[in-house]
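Below is a walk through one structure, starting with an open pocket and moving on to the ligand. Keep the sequence at hand while reading.

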Amino acid sequence: MSTTLSFAPGAAIIAGGSGGIGAGICKRFADNGMPVVFTYHSSEDKARAVQQEIAAQGGICEYERVDLSQPAQVESLFAKVRERHGRIAHVIYAAGPHFEFNFIGSIPDSDWLHVVNADINGAFHLIQNAVKTFRSQGDGGNLIAVITSAVERVPVKDIMSAAPKAAIEMLVRGVAKESGRFGIRANCVGPGWINAGLGKKGIEEKLDEKTREHIRKTTIPLQRFGEADDIAYAALFLCSQQAGFITGQSLAVDGGLQL
Ligand SMILES: NC(=O)c1ccc[n+]([C@@H]2O[C@H](COP(=O)([O-])OP(=O)(O)OC[C@H]3O[C@@H](n4cnc5c(N)ncnc54)[C@H](OP(=O)(O)O)[C@@H]3O)[C@@H](O)[C@H]2O)c1
């Protein structure tokens with residue numbers, strides 16, 4: 001007998017759903033029948049394009065502008081989604097700020113503070129509202145944070161990606177430990193080189209073909225860059241009822257880069 005993934009009823013909130021990875025997650029969750037409400041921060045055009053593509057396929061999809069570093073905006077997002085859709089079943093953090101690659105010794109203080117505030121505090125506000133909502137609904141829920149596979153393999157000049165994501169990973173593991181007894185599961189997905197969003201920009205703009213080939217052949221055992229769908233399917237599985245005994249884990253989706 002074949003197995004099809006099944007999901008608890010309710011909407012999915014996808015923070016950063018207008019981004020390269022977030023948009024992939026929105027599409028796959030909507031394909032699987034979940035009402036999707038995603039957030040963007042500065043580019044409404046990108047958000048509208050994602051919403052229209054999903055709606056054209058018959059999916060239920062809405063978007064809201066939210067600055068995740070502002071707790072009142074995050075609280076208001078959860079209140080709106082509950083009012084419109086009743087139950088929230090899945091909350092996914094797939095947002096993150098842009099920043100310049102830099103050696104640790106050369107990072108300007110203002111860049112560091114901006115990234116830490118947007119990423120760690122943004123994720124914290126989302127995670128805290130998810131836990132409160134799941135508790136008040138009384139029948140569990142799924143939390144996923146998109147982090148980076150670099151939390152296990154220290155990257156050069158990319159600490160502003162890895163350090164905040166290591167903090168977010170610990171927050172997620174904390175939720176898994178503290179709130180498992182309420183049926184709340186919390187996991188992370190760790191992308192490697194993904195040909196979408198920030199990764200696509202880096203691959204296309206910062207690397208020449210020779211360097212791209214070198215990275216593919218010598219650092220990634222599966223010898224390709226990933227796609228947004230590689231991350232989306234991992235998040236989908238972790239939110240499914242078939243993953244019902246998995247919590248507090250980080251799944252690297254990086255073609256083996258982390259090894
Ligand atoms: N792509 C990769 O190869 C890769 C690899 C490892 C880890 N990651 C991580 O995966 C996550 C998603 O990456 P991505 O490539 O999809 O990035 P992306 O395309 O740049 O998307 C980022 C998303 O976050 C939103 N955002 C930015 N700042 C925000 C803020 N202060 N408050 C609320 N939302 C904000 C953006 O909205 P606007 O566009 O409207 O501003 C957008 O929706 C990031 O955390 C990134 O570090 C990506």
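Which residues line the second largest pocket? They are Phe-124, Ile-127, Gln-128, Val-131, Lys-132, Leu-171, Gly-174, Val-175, Glu-178 and Ser-179. A pocket here is an open set of points on a 1 Å grid over the protein atoms alone, where a 1.4 Å probe fits, with protein on both sides within 12 Å along at least five of seven lines; lining residues have an atom within 4 Å of a point.

The model is predicted: local features need pLDDT of at least 70, side-chain atom pairs count only at pLDDT 80 or more, and totals for chains, interfaces and linings use all residues. Residues are numbered from 1 along each chain as its sequence is written, and side-chain values use heavy atoms, with hydrogens and water left out.

The second largest pocket holds about 190 Å³ of space, a volume being the space filled by probe spheres set on the points, which are joined across faces, edges and corners. Helix 4 (109–137) and helix 5 (159–179) each supply at least two residues of its lining; helices are DSSP runs (H or I, at least four residues), numbered from the N terminus. Helix 4 is followed by Gly-138, whose phi is positive, near 85 degrees.

The ligand has 29 residues around it, and Ser-18, Ser-42, Ala-95, His-98 and Leu-198 come nearest; a residue counts as near if one of its heavy atoms lies within 4 Å. A backbone N or O atom of Ser-43 lies 2.8 Å from a ligand oxygen, and a side-chain N or O atom of Lys-46 is 3.1 Å from a ligand oxygen. Taken alone the ligand exposes 910 Å², of which the protein buries 92% (Shrake-Rupley method, 1.4 Å probe). Helix 6 gives the largest share of the shell, three residues.

Definitions and conventions
Polar contact = N/O pair within 3.5 Å; in protein donor to acceptor, adjacent residues only side chain to side chain.
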